[in-house]
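Trainee: Could we go through this structure together, with the terms defined as they come up?

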Amino acid sequence: MPVRTVLNTTIEHVSILDEDGNFDADLGRDLIPDDDAVRLYEHMSICRHFDEIAFKLQRSGRMGTYPENRGQEAASLGAAYVLRPDDWLVPCYRENTGLFWRGLPMEMILLHWMGDERGNQIAADLAMTPQAIPIGTQLLHAVGLAWASKYRGEDRISCTFFGDGATSEGDCHEALNFAANLNIPVVFLCQNNGWAISVPTKIQCSAPTLAQRGMAYGMPCVQCDGNDIFAVAKVVRDAAELARTEHRPTFIEAVTYRLGDHTTADDARRYRDQAEVDAWKKRDPLLRLRNYLSERTLWDDDREKALAARAKKEVAAAARRAEEIADPARTDMFDFLYATLSPDIEAQRSTARTSSLGVDPTQLDDARSSGIEEAV
Ligand SMILES: Cc1ncc(C[n+]2csc(CCOP(=O)(O)OP(=O)(O)O)c2C)c(N)n1
Ligand SMILES: [Mg+2]
């Protein structure tokens, strides 16, 4: 019996606007018109400022832990730009730029990290799920949402975002297998930023690419420069088309880098070299897009100055809205969990706040004014 090759394959890497400013005119043709490129740059820049302000809010004790998005803005933005407004965005926690592009008010992300559940009460017409903090769970949600669309005969698809670390989770593999075998229209967009907190990608994946994870399940897969918004737009547009017309999922590996710490609770200097960070600063998606616009005389210093002022104003207003929102009703934790309250939950609702009455007399007034009766 001769030995024969049963599979021979390749993984393509797509780059359109490279880190030296070279633009592939063939691949990039009709992808992002000039006006849109300007709007995308402005948006990305405002989101970069949002990231700085969110970081400061945490450092000054006004917000909880925050994961900086700095350096990874192009992937979610490129995807949100080419997807339809009713396609599901199913994010992790470094996709602020794409979510804001779709229309999520900035204060919602701040509220989330302030521990206020209202940050997750996203309007249904925005077609997005809240940020997934448990790593990898959102891939399954994306598959479920897209399966529901297909079942109903709609042509909405879903696009889910996750990190390199998430590809080591069982949830990821179950989602990929399910989507490939049942022909579910999902775009799996892996943001490979090289690290899962302090664990480098190379020690949790022995394969040369993460893209080939998708191949193992029989779906098309491709790698792209995740800091090149044109490349992301192209691969997501192609994957979305395949999902919409043939219900086929695609696995995309967007190679990127987080320029900040994992979160504000981390100090990345303890495990990664400054030289690595410096090398990636040169590939910053924001600078790359700015240079692209400047070279085409679509951008100049005056516009940059005006944009900085606009970013400051818009982000400050969002921070104010988040900080000045009225306290939630104390009964929300009961009222938004169940459609109808069982008698024991009802009893908890009416007594939850009164267990320490008598210790602090002001609680009594508070309880009366909020309409919750005292414990009996
Ligand atoms: C199920 C689960 N396990 C562990 C964690 C703790 N944790 C938070 S972020 C993270 C690393 C995720 O790395 P990656 O998927 O590469 O995303 P990145 O933060 O690099 O964007 C881990 C292990 C978690 N949130 N959920
Ligand atoms: Mg990572």
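Trainee: In which sense do β7 and strand β8 pair?

Mentor: This is a predicted model, in which local features need pLDDT of at least 70, side-chain atom pairs count only at pLDDT 80 or more, and totals for chains, interfaces and linings use all residues. Residues are numbered from 1 along each chain as its sequence is written. Strands are DSSP runs of E with at least two residues, helices are runs of H or I with at least four residues, and both are numbered from the N terminus; two strands pair if DSSP finds at least two bridges between them. Between β7 and β8 (residues 250-255) there are five bridges, one of which joins Gln223 to Glu253, and the sense of this pairing is parallel.

Trainee: Which residue in β7 is the bridge partner of Val14?

Mentor: Strand β1 (residues 13-14) also pairs with β7, in the parallel sense and over two bridges. In β7, the partner of Val14 is Cys224.

Trainee: Is strand β7 (residues 221-225) largely enclosed or open?

Mentor: A residue counts as buried if 20 or more other C-beta atoms, placed from the backbone, lie within 10 Å of its own, as exposed if 12 or fewer do, and as partly exposed in between. Cys221, Gln223 and Asp225 on one side, and Val222 and Cys224 on the other, are all buried. Because five of the five residues are buried, β7 is largely enclosed.

Trainee: How far apart do the C-alpha centres of domain 1 and domain 2 lie?

Mentor: The bounds, from an automatic or database domain assignment, are 13-324 for domain 1 and 332-369 for domain 2. Their C-alpha centres are separated by 40 Å.

Notes
Chains lettered and ligands numbered in written order.
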